[in-house]
Amino acid sequence: MLRRAGQSLHHFLLGRKSSAGYSSYSSEAKMSRPVQARRLEGTDKNIWVEFVKLAATYSKVNLGQGFPDFPPPDFLKEAFVRALSGENHMLHQYTRAFGHPPLVNILAQFFGKLLGRDLDPMTNVMVTVGAYQALFCCFQAFIEEGDEVIIIEPFFDCYEPMTKMAGGTPVFVPLRPKAPKDGKLMSSADWQLDPAELASKFSERTKAIVLNSPNNPLGKVFSRGELELIADLCVKHDVLCISDEVYEWLVYDGKEHIRIASLQGMWDRTVIIGSAGKTFSATGWKVGWTVGPNRLLQHLRNVHQNSVYHCATIAQEAVAQGFQRELELYGKADSYFVQLPKELQQKRDWLVQSLDAVGMKPIVPEGTYFLVADISKFKSDVPDVPDSDEPYDSRFAKWMVKNKGLAAIPLSAFYSGAHKNNYNHFIRFCFAKEEATLKAANDILQKWKREKTSP
């Protein structure tokens with residue numbers, strides 16, 4: 001009876017609307033007012049949406065996106081299984097919003113050791129949904145209209161739109177390449193800041209500088225001297241530092257990752273950002289964190305609680321156990337943080353040799369998953385298009401994945417609009433892959449070389 005009555009009432013109301021001259025179909029009542037928030041203007045394009053689709057459609061070998069195609073370490077997977085199937089049913093429920101207590105406790109111990117200071121797990125550490133959300137919290141918490149944010153080029157591509165969405169203005173300063181001597185391959189260390197140029201970017205409007213070391217896409221590990229230059233300017237101008245250190249354990253050739261927060265005057269003005277995805281080769285888990293003084297993190301907590309609010313409990317539990325193991329093995333040969341960079345350095349060297357052998361001149365990275373290669377000798381395969389708005393390396397990368405089955409990312413994607421064409425003859429490869437994947441990439445490159453040299 002109630003259902004029939006409800007249907008009768010529904011038809012009665014529709015009949016009244018129709019008889020009054022109104023349409024009974026709400027889809028015809030279109031909105032005329034703008035719906036997009038102004039802060040989203042100019043942030044709709046994303047390199048990953050386009051190139052991930054191209055790679056999925058055409059690639060035989062994907063060296064584009066920065067994720068390993070090998071598994072996380074066994075001890076981490078086992079920790080996840082224990083958390084998932086164990087008797088502690090509360091691991092399936094909400095945990096503390098700002099970080100699962102076991103995880104923030106071990107992160108406070110671990111980073112306290114690295115920074116040489118006592119950290120309060122409840123106020124100096126916050127867990128996020130990957131480093132990406134940690135970055136978003138920083139920009140939303142600190143940046144507003146009228147603020148300027150200094151971004152070092154090339155930069156991880158989200159820094160610019162996140163600055164703009166917060167109302168800020170990005171100010172770009174490039175790493176400038178210097179040709180190596182004696183015909184050696186260029187290193188990421190050969191890309192350097194000009195001290196005077198960097199100093200000129202600081203003003204009374206500067207609110208923050210974004211530092212990414214080791215740097216994606218270049219693989220540059222900033223030296224102590226370079227970090228001291230940045231630190232001195234931050235202190236002089238009372239500027240915040242958003243320090244993206246997700247590749248902190250992935251440094252090669254005996255290089256040292258120096259945490260800028262450990263330099264004089266920088267702890268009080270720095271937010272460190274880390275990633276379990278990069279640390280433990282589990283990018284899909286999306287567990288990140290921030291470390292810093294409570295005076296800064298209290299504002300990040302405000303953004304976090306009013307956006308994501310909570311991160312997956314089981315993943316946090318497993319990461320906590322992973323860090324507990326690494327704290328006990330810190331500096332020892334069995335440590336994953338010692339083993340992984342050794343393995344990746346071998347993969348890096350293998351890809352460097354493979355690219356160099358076919359004429360794509362690689363820039364040897366000091367860290368990260370990535371290396372950038374100069375494609376100038378391959379320009380005959382993809383001729384220039386006069387008056388094209390698309391950077392050359394973007395067209396080259398699209399042509400390469402469609403015609404050769406090899407996916408990579410154009411370096412111009414990591415530059416501001418005004419500077420994209422200044423560095424448009426480089427593409428970025430990811431070498432954090434299985435040996436079979438890298439061998440398949442080499443086979444494609446060797447076949448390509450034969451095709452170029454055959455009559």
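**Legends to close-up views of a predicted model**

**View 1. Arg450 in helix H14.** Arg450 counts as exposed because its relative accessibility is 52% (exposed is over 50% relative accessible area, buried under 20%, partly exposed in between; 1.4 Å probe, protein chains only). The residue is found in helix H14, residues 435-453 (helices are DSSP runs of H or I with at least four residues, strands runs of E with at least two, numbered from the N terminus). Between the C-alpha atoms of Arg450 and Lys286 there are 42 Å, with 164 residues separating them along the chain. The model is predicted: local features need pLDDT of at least 70, side-chain atom pairs count only at pLDDT 80 or more, and totals for chains, interfaces and linings use all residues. Residues are numbered from 1 along each chain as its sequence is written, and side-chain values use heavy atoms, with hydrogens and water left out.

**View 2. The open sheet S11-S12-S15-S14.** In this order, 4 strands form an open sheet with antiparallel pairing (two strands pair if DSSP finds at least two bridges between them). Strands S11 (361-363) and S14 (409-410) stand at the edges with a single partner strand each, so one side of each has no neighbour in the sheet.

**View 3. Strands S12 and S15 with helix H12.** S12 (residues 370-374) pairs with S15 (residues 426-430) over 5 bridges, in the antiparallel sense. Leu371 has Phe429 in S15 as its bridge partner. Helix H12 (residues 336-358) packs on the sheet and touches S11, S12 and S15 (contact means heavy atoms within 4.5 Å). The direction of H12 makes about 10° with that of S12 (axes are lines fitted to C-alpha atoms, for helices over the stretch in contact; angles run from 0 to 180 degrees between N-to-C directions).
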